[in-house]
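Please look through the two-chain model shown below before reading on.

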Amino acid sequence: MEHYNMNLTVKVWRQKNSKDKGGFVSYQVKDISSEMSFLEMIDVLNEKLIVEGGEPIAFDHDCREGICGQCSLYINGKPHGPWMANTTCQLHMRAFKDGDTIVVEPWRAGAFPVIKDLMVDRSAFDRIIQAGGYISVNTGNAVDGNSLPINKDHADASFAAAMCIGCGACVAACKNSSAMLFLSAKVSHLALLPQGEPERKSRVLNMVAQMDKEGFGACTNTGACEATCPKEISISNIARLNKEYLFSSLSSDK
Amino acid sequence: MLDAKIPSGSLDDKWTDYKGHCKLVNPANKRKLEVIVVGTGLAGASAAASLGELGYKVKAFCYQDSPRRAHSIAAQGGINAAKNYQNDGDSIFRLFYDTIKGGDYRAREANVHRLAEVSGNIIDQCVAQGVPFAREYGGLLSNRSFGGTQVQRTFYAAGQTGQQLLIGAYQALERQVALGNVKMYPRHEMLEVVKIDDKARGIIARNLVSGELERHFGHAVLLCTGGYGNVFYLSTNAMGCNVTAAWKAHKDGAAFANPCFTQIHPTCIPVSGDHQSKLTLMSESLRNDGRIWVPNKKNDERKAIDIPEEERDYYLERRYPAFGNLVPRDVASRAAKERCDEGYGVGTSKQAVYLDFADAIVRYGKIEAGKEGNDHMSIEDIIVLGKEVVKEKYGNLFDMYEKITGENPYEFPMRIYPAVHYTMGGLWVDYELQTTVKGLYCLGEANFSDHGANRLGASALMQGLADGYFVVPYTLGNNLADDIYSKAIETTHPAFAAAELVAGERIQKLMNIKGKQSVESFHKRLGKIIWDKCGMARNEKGLQDAIKEVQALKKEFWSDVRIPGEINEMNPELDKANRVADFIELGELMCIDALNRNESCGGHFREEYQTEDGEALRDDANYMYVAAWEYKAEHEWTLHKEPLIYDVVKPSQRSYK
């Protein structure tokens, strides 16, 4: 792989706290290697800001290997930037060229209020899980793992849904700020397994109710969520969610 | 000072007897007992959930924005359990034995045996929670091999086993939050332990959003805060992983054991430049199928695919025919370093070796062709089929490699090099996972107990969940049974005020320095000292130098660090400064510990102590002990030794040949 260096203009959303109005600030960064990750480019910019006596840009990040789901960022109008099936921390600077201007914003969604600069509050996702995104089995209740054979296709489909990292890109990409892809991934993960069967109906009804309460929008099937999802969670999970929801509302005992 | 409280009786019966005789707390009393859990990775989330289920009032803290982000999530390969589903001769004893041997005879027999005993329960529990483990077509659980063993006992979920296990524990935790048994405090960092009458009775935590210090009471405090690999700056740990909670506990009386036992993982993506902020692991499971090699000519500039078979040195297969590419991590890492130091390394930095899947692709392709009944398929078509199989097994890892390096590992061998991955050392704990401070417990990677001087692959997830789901619910009850008359202490108690003052003053002091250098630049310099002198190979002179350098760095840090922003606001630079200040102090202790241990064992390789063919040379007569350090004053520690007694396993020179 050929490497190259570049000089860039980075336009970043700065906002002191949740009450501040916020606005864009432009920065010049020099000699950025194409081998750097996007967040390493921000590290370089922050180092410069600190040494010059400024305030570094606050952004969420942790594992930097695409799995914890903590990094966010709207980059040039796309959640997690230009690469498909990717998180911001795995975006590398070879995606850009010398002289580019890069616009960086926080997730845009009413249910994810900005805390500072590029950091947002995604605790609504935790509360949706609290509403039913689990199987009620206390420690010590389990039978032998192999006493319950599970059709491999179902297990694989369940895993594909369970790969969701809860980053919120689906919400950020959606013009309605809908959390349907996130929610449907959890409902599918558990509904596709026999262990999830006993709570199948109450789970979907309670989780959807919580999602509505948190202020996420409705789904209009534009598919922006699927297109932006770093883990390629399929929109067919939303179809399954709708089926589960309809079935449960018609037949639930409660 | 050190009483390991190992139950008497035969090794097989210790844990069963303990559980049969330990004290219990009745449900009405559990409701009155409050427990603080710091950290919500596998150990913390499983402990908080299980204790909540039992009826304790739990408060759980994590520095991330949600407990689902803890770095357990990044574990790729799998989790061991002695299920013997493969009928290949596995048993609790073998898992126990492999772990003791893999740890180079520096772990406690009783703890490790308990770990092997509960390993099967973990798999059952996770399946019941809906963790989507890989399965065979018959619907049963699938297994694969990992380093340092000759059986297939590793359960997995593609290359995302840690993620699936953590989400399982996270969901169990969130269920308890919904039920009101656990209160969750995300974006909080523990800064002090509060001790009253020599017992841990709470913590001072900083709310990372508002910057405020908070006081929290608990009848007991559980630290589940992970390892300290970030002392090296570059590691496979998450950026926020830190030693602060454990270090504060240490300075407040908890002994720190075997800090020099750190694991360097052999297969990570090499460093690409000075900008590097972290390293990424390529799962050990890749060594099931990948073959590791270097050219057998020094400074060979040819591309990997242009180097013919007979000019390649598959050095692990050559040196260790019995285990081949699946030797334990410490052995594989040192062998890679040895080749690169000798000038056989590849890539621009020459600090890398190849991990090659070409053979596996052809082998799998032929099997697929055979399934189709086609014995005359062209090699090109075989390779196409083989790539599909490899993609199914390791697709996400190959994608990750390509994103980071820009190279396609299906076409060219991966370039890999060892990187810091795990820390076997940690707070000293007894059999009940209690530290030398009463009421203060330590679980998971943060403690020292189960992996000796080297951890085997797929054992970290096992230990985290064993501690949280199946050990601490019993051992905590045994101790809290004596506490049922103790009422919750108001946080207006002077001990809380005093601890808060200490935390507040330190923050103030950091902010007042107003120096010129960033926190990050100090962290990088610390990492370089520790990596160069207390990394894969150590020697007396280097360690002595390192101690002086770290001491000097500490001085410079406290006089010239620059932290922008304010105290009472979200301030990630201040958070980082708090952590790096503690890493610097830990770095000194690591070097002191490495200097004290005049032997080589597991991940601790002292150049002065090696066999003729370059293997680690233990000194069982003088060093078969846990080195537990008691903090006395700045730069001053007292060493306490816990002798390791092997009743069942006979220590021998570890051989994987």
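Is B:Ser10 buried or exposed? B:Ser10 is exposed, because 9 other C-beta atoms lie within 10 Å, where a residue counts as buried if 20 or more other C-beta atoms lie within 10 Å of its own, as exposed if 12 or fewer do and as partly exposed in between, with C-beta atoms placed from the backbone. B:Ser10 is found in the segment before helix 1 (14-21) of chain B, and its C-alpha is 32 Å from that of B:Ile484, a residue 474 positions away in sequence.

## Basis of the model

This is a predicted model, in which local features need pLDDT of at least 70 and side-chain atom pairs count only at pLDDT 80 or more, while totals for chains, interfaces and linings use all residues. Residues are numbered from 1 along each chain as its sequence is written, and chains are lettered from A and ligands numbered from 1 in the order in which they are written.

## The parallel sheet of chain B

In chain B, an open sheet is formed by five strands in the order 6-2-1-10-18, with parallel pairing; helices (H or I, at least four residues) and strands (E, at least two) are DSSP runs, numbered from the N terminus, and two strands pair if DSSP finds at least two bridges between them. Strand 6 (182-185) and strand 18 (440-442) of chain B are at the edges with a single partner strand each, so one side of each has no neighbour in the sheet. On average, neighbouring strands of this sheet are turned by 20 degrees against each other, direction ignored.

Within this sheet, strand 1 (residues 34-38) and strand 10 (residues 220-223) of chain B are joined by four bridges in the parallel sense, and B:Val37 is placed opposite B:Leu222 of strand 10. Helix 3 of chain B lies across strand 1, strand 2 (57-61), strand 6 and strand 10 of chain B, and runs at about 160 degrees to strand 2 of chain B; axes here are lines fitted to C-alpha atoms, for helices over the stretch in contact, and angles run from 0 to 180 degrees between N-to-C directions.

## An enclosed strand of chain B

Strand 16 (residues 414-423) of chain B is largely enclosed by the rest of the structure, because 10 of its 10 residues are buried. Strands of a sheet pair through backbone hydrogen bonds, either parallel or antiparallel. Strand 12 (residues 262-268) of chain B runs antiparallel to strand 16 of chain B and is joined to it by five bridges, with B:Ile264 and B:Val420 as bridge partners. Strand 15 (residues 353-356) of chain B is also antiparallel to strand 16 of chain B, over three bridges, and here B:Val353 has B:Ile416 as its bridge partner.

## Where the chains meet

Between the chains, 65 residues of chain B and 66 residues of chain A take part in the contact, two residues being in contact if their C-beta atoms, placed from the backbone, lie within 7 Å. The elements of chain B that give two or more residues to this side include helix 3 (42-54), helix 6 (161-178) and helix 16 (572-596), and helix 6 of chain B gives the most, with nine residues. The side of chain B that touches chain A has 26 nonpolar, 23 polar and 16 charged residues, where Ala, Val, Leu, Ile, Met, Phe, Trp, Tyr, Cys and Pro count as nonpolar, Asp, Glu, Lys and Arg as charged, and the others, Gly among them, as polar.

Helix 16 of chain B is mostly covered, with 21 of its 25 residues buried.

## Loops and a helix of chain A

A:Arg64, in the loop between helix 1 (38-51) and strand 3 (74-75) of chain A, has a positive phi near 55 degrees although this residue is not glycine, and A:Arg64 is buried, with 25 other C-beta atoms within 10 Å. A:Ser177, in the loop between helix 4 (169-173) and helix 5 (180-191) of chain A, likewise has a positive phi, near 50 degrees, and A:Ser177 is buried with 20 other C-beta atoms within 10 Å.

In helix 6 of chain A, the buried residues include A:Val204, A:Met207 and A:Met211, and the buried residues of this helix pack against helix 2 (123-130), helix 5 and helix 8 (236-251) of chain A. Just after helix 6 of chain A, A:Gly215 takes a positive phi of about 90 degrees.
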